[in-house]
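Take the stops in order, and look around each selection before moving on.

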Amino acid sequence: MKRSLRPLALVLIAAAALTACSRADSGGSSAPAAANQGPAAELRLGYFPNITHAPALIGLDKGFFAKELGSTKLVTQQFNAGPPEVSALLGGSLDAAFIGSGPAINAFSKSEGQGVRLIAGATSGGAQLVVRDGITSAADLKGKTVATPQLANTQDIALKKWLADNKLTVGTGAGDVKVTNADNATTLDLFKKGDIDAAWAPAPWSSRLVLEGGAKVLVDERSLWPDGKFPTTVLVVRTEFLQQHPQTVQALLKGELDAVDWATANKADAETAVNDQLKKLTGKALAQNVIDDSWGQILLTTDPLAAQFPQLAKDQVTAGVVKTAPVVKGFADFTLLNKVLQAAGKPAVDAAGLDQK
């Protein structure tokens, strides 16, 4: 009987092997989500040395992230614009990132809705179109040169959308507006030399252009949004990392909330903490009047203002960055953020449908 059962056993083993191979060869379309692997050994976090990334800077300076992450090693990397940060996220060299709303949408779109998830806000406001003397209206920008930090970054999209709304075209003709891209420090130098006429810049660079370069504010971006609120900086995470290490992501969110709450209760100390980090990162602290002016432009909040994202996606089309508006449904996952907020006795944030595909 044992001899007669052996052929049957071999057939069953072969069948199982063939079934496994067929699943593997199917492209993994039915593969389950990555399993929870517990706290991560390491969290790689990206951010900018800008006041609009104040929650990140404060979280690092005051140790809020390190405290909540515990044994998880925090590895940070700074960026000057969103597109390179998107490449790092999608390339797998970052796990989470404080990033502008425009590049955040692009990361979700480029990965066909798979690569990243929006998990929290960081700041609202903190961007202005500043111009030199003699420019008092949109029409005065014809034939002039305006700088933004990088092609298709948050301020670049905002500028081009605003130009389109004002019936102005981007180009090199006499009746066009020339848009050039330069990192923020270079933009300040270009403005002082007279090589550019205006800039749509984030804080503190908009403040420095005004206070050090003699620029005037033509447009405060807050004036273009309902209640003066729009998501300048948000927090996103790689989807796979979120699935594998939810405890670590929750700890990061708790650290951010701690930073925001502390900054709200300690304005002067928060400004100092941000300035200390900027000096460490850039080698130079900001003048107190620059810090004060910049701080007055921003609102620190873990609410990502999800209801604004469909409009932000449409703005990319108006700005000529993409031909069709990126789909943003399914972009948000506020499950862990709302757990953190509930534990702190705070109201949950509204996903405004962004958590539904």
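Begin by selecting Asp95 and Arg44, which form a salt bridge whose closest N and O atoms are 2.8 Å apart; a salt bridge here is a side-chain nitrogen of Lys or Arg within 4 Å of a carboxyl oxygen of Asp or Glu. This is a predicted model, in which local features need pLDDT of at least 70 and side-chain atom pairs count only at pLDDT 80 or more, while totals for chains, interfaces and linings use all residues. Residues are numbered from 1 along each chain as its sequence is written, and side-chain values use heavy atoms, with hydrogens and water left out.

The two partners are 51 residues apart and belong to distant parts of the chain, with Asp95 in the loop between helix H4 (82-90) and strand E3 (96-100), and Arg44 in strand E1 (residues 42-47). Helices (H or I, at least four residues) and strands (E, at least two) are DSSP runs numbered from the N terminus. Is Asp95 buried or exposed? Asp95 is buried, with a relative accessible area of 2%, whereas Arg44 counts as partly exposed at 22%. Buried means under 20% relative accessible area, exposed means over 50%, and partly exposed lies in between, using a 1.4 Å probe and protein chains only.

**Two pairs within helices**

Next select Asp165 and Lys161, whose side chains meet in a salt bridge of 2.7 Å, N to O. Because these two residues are four apart in helix H6 (residues 154-165), Asp165 and Lys161 are separated by about one helical turn. An α-helix has 3.6 residues a turn, so residues three or four places apart point the same way. Asp165 counts as partly exposed, at 43% relative accessibility.

Move on to Asp258 and Lys254, another salt bridge, where the closest N and O atoms are 3.0 Å apart. Both residues lie in helix H10 (residues 246-265), four residues apart, which is about one turn of the helix. Asp258 is buried at 16% relative accessible area, while Lys254 is partly exposed at 29%. How many salt bridges does a search of the whole structure find? The search finds 14.

**Helix H5 and its cover**

Select helix H5 (residues 101-110), where eight of the ten residues are buried, so this helix is largely enclosed by the rest of the structure. Among the buried residues of H5 are Pro103, Ile105, Asn106 and Phe108. To see what covers them, show H4, E3, strand E4 (116-125), H6, strand E10 (231-238) and helix H13 (309-318), which are included in that cover. Following H5 is Glu112, whose phi is positive, near 55°.

Since H6 is part of this cover, stay with it and select Gln155, which lies in that helix and is buried, with a relative accessible area of 6%. Leaving aside residues up to four places away in sequence, Gln155 touches Ala127, Thr148, Pro149, Trp200, Ala201 and Pro202, where contact means heavy atoms within 4.5 Å.

**Helix H11**

Now select helix H11 (residues 267-282), whose buried residues include Ala270, Val274 and Leu278. The buried residues of H11 pack against helix H2 (54-61), H10 and helix H12 (288-295). Just after H11 comes Gly283, with a positive phi of about 85°.

**Points in the backbone**

Find Ala203 and Pro204, which are joined by a cis peptide bond with omega about 10°; Pro204 is placed in the loop between strand E8 (198-202) and helix H8 (205-211). Then go to Leu305, a residue other than glycine with a positive phi near 55°, in the loop between strand E11 (298-300) and H13. Leu305 is buried, at 17% relative accessible area. Ala352 also has a positive phi, about 50°, although it is not a glycine, and is found in the segment after helix H14 (335-343). Ala352 counts as partly exposed, at 35% relative accessibility.

**The whole chain**

Finally, zoom out to the protein chain, which holds 14 helices and eleven strands, and whose C-alpha trace spans about 100 × 45 × 35 Å along its principal axes. Buried residues make up 49% of its 357 residues.
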